Structure formats: structure tokens, C-alpha cells
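Hello! Here is the structure I promised to pass on, with some notes on what turned up in it. Have a look, then read on below.

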Amino acid sequence: MWLTPADAAKQYYDSNLRSAVALLMSIVKDRRSRGSGRPPGEPQAEWRAVLVLALAALEAGLVDVGLAAHHHRIRFRGGASTAATDEELARARGRLLTSLPLSAPNAQKVENFMLAQFGVLPSQIVVPPQAHFTTRVKAVALGGAGSGSPAEFAGEWQELAARLDAIQYFRNAIVHADSQKLETVPPSAQSLSDGAKGSIWALTKAGDWSLQMPHAVTAVRTTVAVFNTVSYTIYSAVGLSSSTSGGLKRPDEVVPFEDD
């Protein structure tokens, strides 16, 4: 069964993203209930798991958006609604799933996907109001408030893309236990604007990176912002107006945080 744009968004928010948000909220609640007591185990492990789950959810969500957009384009290829044949749908599905894999997406993979599948150039990617969100910034691991300080993201694709690249870098370091990446802040993170530095990681005294509560919140919200941006841009490219582009929800709504 092919999803409509609205169904694709609902499935992403309510299903794909559910594990990341549920884990994030449960960790926040547990740590606050303990007060100053530190739970046993590696303190970063849980926040790292949230980041990995968020990127996996984005991957699944982008595939659904692509399929929904292809289905819409096939149905309305002559202007009026017509039934898509099984062959047309199978060909679109195969092209989407096999030509440009979206596994652990970074900005380059997303841009290649949008260009190859829908003819959208990177310069044509639009960050809609539904992709604006509150980040949580904590630049130093052992300094500042534990939940970070709020800062607004209402920027362009280039900055959002840099954030996504940093998240993918951290995800790969975690999943592959890459010792070099685990000890090095990526260039994509270092190149972020001053207002964004420390939003997805904090520097330790040793000069490597640490993921804490504010970074986990921002990481999940960033992936939601990427999902909304890609959805809005792709649906516009296939002729869907912004008012019917999938019932997008702002990241702050999907990933609530009481300190905002």
C-alpha cells in the first residue's frame, strides 16, 4: 500500500521516531528523579543511543516521503487523477530503494537523493517554518547548565546540512566503535556557526566530544527538521501546495522538552 503525504508524516512522527523520543524522555525523567545521584554505567551511552535511533528514524521517514511523492507524481502525471499501474509503482519503488541508498543519511546523500529522484538542486531546498526549532546549547562538558541554554534555529539548508553531517559522523563513530572518530570532533561540527557550536556535542578537557542531555534533544529535533525540509521541498517539486504537503509538525512539538 502506498502512503499519502499526510500518512508518511504521521508514520514518521508516530512510529519511526517513537523509539528515539520515548528513550530520550525516559532518560530525562529518570536522571531528574535521581537528583544529583548518578545512575550506574557509562553516562554517555544512553544519549548516544538516542542519536543513533533518531538517524535511523530519519532514514525510514525519507524513504516513505519519496514513495509518497512518486505515487502522487504518477497519479497526476496528466493533470487529472489517474490510477497508477502496478508496473509504474514497482518501477518507482525499485528506483527509489536501489539507486541511491539512504542508509545513515548525511547531507550529501539527502541532496543526491532529491536531485536524482525529483530534480531538486541543493540551492532549491527550502527550510520551511515547520522546520524551525529550539536547540539546546552546551559547549563545554563540565560547565554550564545540565540541560543547556535555548537557542533558535531558523536558518538555511547549509546550516541544517552541517548539523546533519555532524550527527551522522557521531552515529558512525558510535555504531562502528571507531576509536579515531570517538576522540575527534568532526570538521562538519567545527564549521558550524558560533551559535550552533555545542548544540550537538560538548568539548571535554581532553579535546574530544561528549554527548549529554541537551545534545540528545537537539539531535532528535535536527533530524525532524531535516525530515520536514525534505518533505516540504519534494512535495512542492511534484506539485503539492504547502497547505497539503503532509501535515508537518514542528520539531519542538514532536520532541517536547520542559526546559524550553
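**What I found**

The secondary structure of the protein chain comes to 10 helices and 4 strands (DSSP runs numbered from the N terminus: helices are H or I of at least four residues, strands E of at least two). This is a predicted model, where local features need pLDDT of at least 70, side-chain atom pairs count only at pLDDT 80 or more, and totals for chains, interfaces and linings use all residues. Residues are numbered from 1 along each chain as its sequence is written, and side-chain values use heavy atoms, leaving out hydrogens and water.

Of the 260 residues in the protein chain, 50% are buried (under 20% relative accessible area, 1.4 Å probe, protein chains only).

F170 touches L51, P186, I200, W201, W209 and L211, not counting residues up to four places away in sequence (contact means heavy atoms within 4.5 Å).

Helix α9 also packs against α1, at an angle of about 170 degrees and with axes 12 Å apart (lines fitted to C-alpha atoms over the stretch in contact, angles running from 0 to 180 degrees between N-to-C directions). The two helices, α1 and α9, are therefore roughly antiparallel (over 145 degrees). P5, A8, A9, Y12 and Y13 in α1 meet T223, V224, F227, N228 and Y235 in α9.

Happy browsing!

Notes: Parallel < 35°, antiparallel > 145°, perpendicular 65-115°, else oblique.
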